[in-house]
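This report looks at one chain of a model and then at one of its interfaces. Sequence and structure come first.

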Amino acid sequence: MYFSAKNLTGGYGGVNIIEECSFEVNQGEIVSILGPNGAGKSTAMKAMLGILDLKAGEVILDGKNITKLKTQERIKSGISFVPQTNNIFTELTVQENLEMGAFLTDGDISARIKEMYDLFPIMNEKQDQLAGELSGGQRQQVALARALMTNPKVLMLDEPTAGVSPVVMDEIFEHILNIKKQNIAVLMVEQNARQALDISDRGYILVTGRNAYEGSGDYLLNDDEIRKSFLGG
Amino acid sequence: MRNNLDIKLAFGVMALLLVMIGFLQSWGVALAILNLCLISAVMSMGVNIQWGYSGLINFGVMGFLAIGGFATIIVSVPPVTEAWSAGGFGIILSGLILFILIAGIFYVHRKWQSKYKNYLLFFLVISVIPIMKLVAGPSISAIESIDAATSGFLGGFDLPIILSWFVGAFFAAIIAFVIGKVCLGLRSDYLAISTLLISGIVVSYVKHEEWLTRGVKNVTGLKRPAPFEVDLQNSDWFVNFIEYLFKGRLSKITDFEEKVILLNDLVMTSSSIFVKLCFSLIFSIVVITLLVFSEKALRSPWGRMMRAIRDNEDAAKAMGKDVVKRHLHIFMIGSAIIGFSGAMLVTYDGLFTPASYQPLRYTFIIWVMVLLGGTGNNYGAIIGAFVVWFIWIESAPFALFVINTLMSGIDNTNQLKMHLIDSIPYFRYLMMGLGLLVVMRYRPKGLLPEKIIKN
Amino acid sequence: MDFLNAIVLLTNYIIVPALTYGSQLALGAIGVTIIYGVLRFANFAYGDLMAFATMVVILTTWYLQSLGITLGFLPTALLALPIGIIATIILSLFFDKTVFKYYRDKKSEPVILIVVSIGVMFILNAIVRIIIGPGDVIFMDGARFIMKAGEFKKMTGLNEGIALKSTQVITFITTIITCAILFYFLNKTKTGKSMRAYSNNEDLALLSGIDPTKIIIYTWVIVSILATIAGSLYGLDKSFKPLSYWNNLLPIFAATIVGGIGNPLGAFYGGFVIAFTEIGLTYAYKKFLVYLLPEQLEPSSLVQYISTDYKFAISFAILVVVLIYRPNGIFKGKVI
C-alpha cells in the first residue's frame with residue numbers, strides 16, 4: 001500500500017478518542033472514512049497528519065515510516081490536507097491562495113497554477129478576486145486547488161461537502177474523481193456516507209474510535225446491516 | 001488554610017519592613033510609605049474590581065484619579081467671590097445650556113425617527129464645543145483675569161475635604177458611565193486604548209481649564225481632615241503630651257535651655273508624625289471598610305455572577321445575564337473607588353498639581369500593583385500596592401548603592417558614573433518593568449493568587 | 001489675490017504640517033497594525049521602541065559628526081539610520097525571544113500580551129531615559145529650510161508665504177518611498193504574501209508549509225525598520241524627547257483602528273485622516289476668513305474649533321465615531 005496507518009491510538013488528555021484504527025490507501029484510489037458523529041473520524045485524520053500526539057501506532061508513506069515527523073515535514077514529504085472549515089485565505093486573491101499552496105515549491109509554479117485553472121475552470125475568471133468573496137462551492141474548489149498545488153501524493157479531505165447544497169456536492173465529488181485520475185491517493189472523511197461511497201473505491205466505518213467495518217464501496221453500500229445502521233436504510 | 005497563612009505571612013513581612021525603615025531611616029519615612037501604600041491600596045482595589053472581578057481593562061486610571069483630585073478643589077476650596085461676581089452668572093448660564101444641549105442630544109438619540117438621525121446627532125455633538133465657547137468664553141476670561149497670580153478661578157464650596165472623597169467617587173462614576181456606555185461593548189484591546197485616550201482628555205481638561213482648577217498654576221494649601229503641624233506645635237495640650245511622652249529623656253537633661261531646645265525638636269518631629277498617624281488612621285479605616293465590603297461582595301450571589309461572567313462570558317450570556325450591563329456596573333464601581341483614592345491622594349499631598357498626572361506613574365504603576373499582588377484578590381491588591389511603593393521609594397537608594405559598589409574604583413567625577421547617578425530616578429521604571437515581566441511569567445496569578453471560593 | 005493668499009495660508013499652516021505629521025503617524029500605525037496582524041496583540045511598547053530606535057540613531061549621528069562625517073545639506077541622521085535599524089531589530093528579537101514568545105506558544109489571551117507589553121514599555125522607557133536622559137535633544141543638521149516664507153513671498157508677490165522645512169520634505173518623501181517598498185513587499189513577493197497569509201489564517205498557513213518562526217522574525221524586522229524610520233523622522237522634525245514618543249502612541253493607535261486594525265494600507269490612510277483632522281480642527285481660521293470675507297463679516301474671534309490642548313480629544317472623537325459606525329475601521333480591518 002502507498003499510504004497506510006496502523007493501529008493508531010490517541011486522543012486529548014488521558015482519554016483515547018481513537019483506538020487501534022488502521023487505514024490504507026493506494027495511489028489513484030479514493031478511500032472514505034465514515035461513521036456516526038463523534039466516532040473519531042476527524043481525530044483519526046489529525047493523527048495521520050501529526051497534529052495529534054499518538055500513544056501507539058505508525059504511519060507509513062511509500063514504505064517510509066513518518067510517524068515521528070512533524071506536520072510540516074509530512075506536508076513536505078507529499079501529504080496535503082484540506083480542513084473542514086477555514087480552508088482558504090479569505091483575504092488573499094484566488095491566485096495568491098494557489099501560490100501559498102505551493103509555498104514549499106521553489107522555482108516556477110505558473111505551469112502548475114495553469115493546471116489548476118484547467119481543473120477548476122470557474123477559478124480562471126476569478127483569479128484576482130479575494131477568495132473570501134466567493135460562493136461556498138467556489139471556496140471549496142479554491143481549497144482543493146490550494147492543497148493540490150504542492151503536487152501531493154496523498155490528499156486528505158475533512159468533510160469536503162459539509163454545508164453545501166446537493167448540486168454543489170455533486171460538483172465537488174466530480175472534482176475529487178478528477179483528482180483521483182492524477183494518480184493521487186485520496187483519503188476523505190465524510191458525513192454524506194452514501195454519496196461518498198458512490199465515488200469511493202473503498203471505505204472504512206468507524207464506531208467509537210475503532211474500525212467497525214471496511215471494504216469496497218459496493219460491498220459497504222450493499223450490506224444490509226451496514227446500510228441500516230449507518231447509511232440510513 | 002494555606003491561603004490564609006500566605007496572607008498573614010505577607011502582611012507580617014510588610015509590617016516588619018515598615019518597622020525596619022522606622023528604626024533604620026526614620027518613622028516619618030515609614031509612615032509616609034505606609035500612607036501612600038494605603039492610598040495606592042485603594043486605587044489598586046478599584047482596578048482589581050474591574051480587572052480581577054470581571055476582566056475589564058481600564059487604562060484610564062490616571063483620568064479617574066485626576067477627577068477625584070479635581071473634586072477636592074470643588075468641594076473644599078473657599079469660593080472666590082470676585083470671580084463669582086465677575087463670571088459666575090455666565091458660567092451657570094452656560095452650564096444650563098450645556099445641560100439642555102446634552103438632554104437634546106439624548107432626546108434625539110432616543111426618540112427621533114429619521115434616516116437623517118445620525119447626521120443630526122453628529123451635527124449636534126459637534127456644535128456643543130463652539131456654542132459653549134461662545135456662551136462661556138467671556139465669563140471664563142473674566143474669571144481668569146481676576147487676581148491671576150494667586151487665584152483666577154472660581155474656587156469651591158468651602159466644605160470639609162473628606163466630603164470631596166465621596167464627591168470624587170461620584171464624579172468618577174458618572175464619567176465611567178459615559179465611557180462605559182460608549183466603549184464597554186468593544187473588544188478588550190479597544191477598551192484599553194479608549195480608556196487611555198479618555199484619561200488623556202480628562203487630564204488635559206484639568207490642566208487647561210484654569211477658571212475651574214487653576215490648571216498648571218496648581219492649587220495649594222488645601223484643607224485637611226487632620227490637624228496641621230503648626231497648629232499642633234502651638235497647642236498646649238500637644239506640647240504637654242510630648243513632654244509627658246518623653247519624660248525620661250527630658251529629665252536626664254539638667255540645663256534648662258538645652259531642655260527647651262530638645263523639647264522643641266521633639267515637638268517638631270512628633271507633630272509631623274502625629275499628623276501622618278492621623279492620616280494613617282483615616283486611610284486604614286477606608287481600606288478596611290473597602291476590604292470588608294469587597295470581600296462580602298465577592299462572596300455574595302452578585303460576586304458569584306460576576307466571576308461566572310468573567311470566566312465564561314458566552315455561557316453567562318446564554319443564561320440570560322446582561323453582560324454589558326453588569327460590566328457597566330462594575331466599571332462604574334471600580335472607577336468610583338479610583339476617583340475616591342484620587343481625592344485621598346490630593347488631600348494627603350495638600351495640593352493639586354494637574355501637570356503631574358502621567359500615565360506611566362498614575363495608570364501603569366497601579367496596574368503593576370494589581371498584577372503583582374494577585375488578580376482578583378483584595379488582600380493581594382493591598383500587598384501589591386505595598387510592594388510597589390516599597391520598591392518605588394527604595395529603588396533609588398538601591399540603584400545608588402549598586403552603582404557605587406560596581407564602580408567603586410572609579411573616580412566620582414567620572415562622566416559615566418555621574419551620568420548614571422543623575423539617571424537614578426529612572427531605575428525604578430526598570431525595576432517596575434522587570435518586576436512585572438517576572439511576575440507575569442513565573443507567578444501569573446500574583447503574589448497572593450485568587451482564592452477559589454466554593455459556594 | 002486675496003483668494004490666493006488664503007490658499008497659501010492654508011497650505012502653510014494645515015496641508016504641509018498635516019502631510020508631515022500624517023506621514024509620521026502613518027509609519028507608526030503601519031508598524032502597530034503589522035504587529036497586530038501577525039502577532040495578534042496591541043503593542044503598548046511601540047512608542048518606546050521608536051524612542052529607543054531614535055536614540056541609537058542620535059548616538060550614531062553624534063559619533064559620525066565627531067568623525068567629521070556629514071551628509072551635506074541632508075541631515076546626518078539619515079546616514080545613521082541603518083545602525084539604528086540593526087540595533088532595533090536585535091532589541092525586538094531579544095524581547096520576542098525572552099518575553100513574547102512564551103505567551104505566543106502558550107496561546108495566551110491578547111489582554112495578557114497587552115499587559116506584558118506594558119512591562120516591556122517600562123523597561124524600554126527606563127533604558128532610553130537612563131542612556132540619553134529625559135530632556136530635549138536636537139540632532140538635526142544640514143539645511144534647515146528648502147524654502148523660506150520670505151523667499152516665497154518675494155517670488156510670488158503674495159502677502160502670505162509657504163515655509164518648507166527640509167525635515168518636512170524628507171519626512172514625506174521617505175514615508176512614501178518606505179511605504180511603496182513595504183506594499184510592494186507585502187503584495188508582490190512570496191515572503192510578503194506568506195506574511196499576509198499567516199496573518200489571515202494561521203492554521204492553514206502552517207498546513208501550507210509556511211514557517212511561523214520565520215514569519216515572526218520578518219515581522220519584527222519590518223516593524224523595527226518602520227519604528228526606526230518613523231521615530232527618527234519625528235525626532236528630526238520636532239525634537240527628540242523620550243516621553244513625546246509615548247504621547248504619540250495614542251494618535252498612532254487611533255490611526256490604526258481608524259484604518260482597520262491589521263490592515264497596513266488602512267493604517268497608512270488612517271495616519272493622514274488623524275493628522276488632517278487634528279491640525280484642521282485646531283487651526284485658527286481667523287486670518288483665512290479675513291482674506292475671503294468682505295470687511296463687515298470679518299470674524300472677531302480666532303475661529304478655532306478646539307484649542308491645541310485637546311489634541312487627544314480629536315483622536316478620541318474620531319476613534320469613537322469609527323468604533324460606533326464602522327467597528328472594523330473605515331478601510332475594513334484584519335488583513336495584513
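## Chain B

Chain B has 19 helices and zero strands. Helices are DSSP runs of H or I, at least four residues; strands are E runs of at least two; both are numbered from the N terminus. The C-alpha atoms fill a box of roughly 90 × 60 × 50 Å along the principal axes.

Of the 455 residues in chain B, 50% are buried (under 20% relative accessible area, 1.4 Å probe, protein chains only). Chain B exposes about 21,900 Å², with 69% supplied by carbon and sulfur atoms (Shrake-Rupley method, 1.4 Å probe).

## Basis

This is a predicted model: local features need pLDDT of at least 70 and side-chain atom pairs pLDDT 80 or more, while totals for chains, interfaces and linings use all residues. Residues are numbered from 1 along each chain as written, chains are lettered from A and ligands numbered from 1 in written order, and side-chain values use heavy atoms, without hydrogens and water.

## Interface with chain C

In chain B, 48 residues are in contact with 49 residues of chain C (heavy atoms within 4.5 Å). The two chains bury about 4,400 Å² between them, 76% of it on carbon and sulfur atoms. Buried area is the accessible area (1.4 Å probe) lost on putting two parts together, summed over both. B:Leu197, B:Tyr426 and B:Arg441 lose the most area on the chain B side, together 15% of what that side buries.
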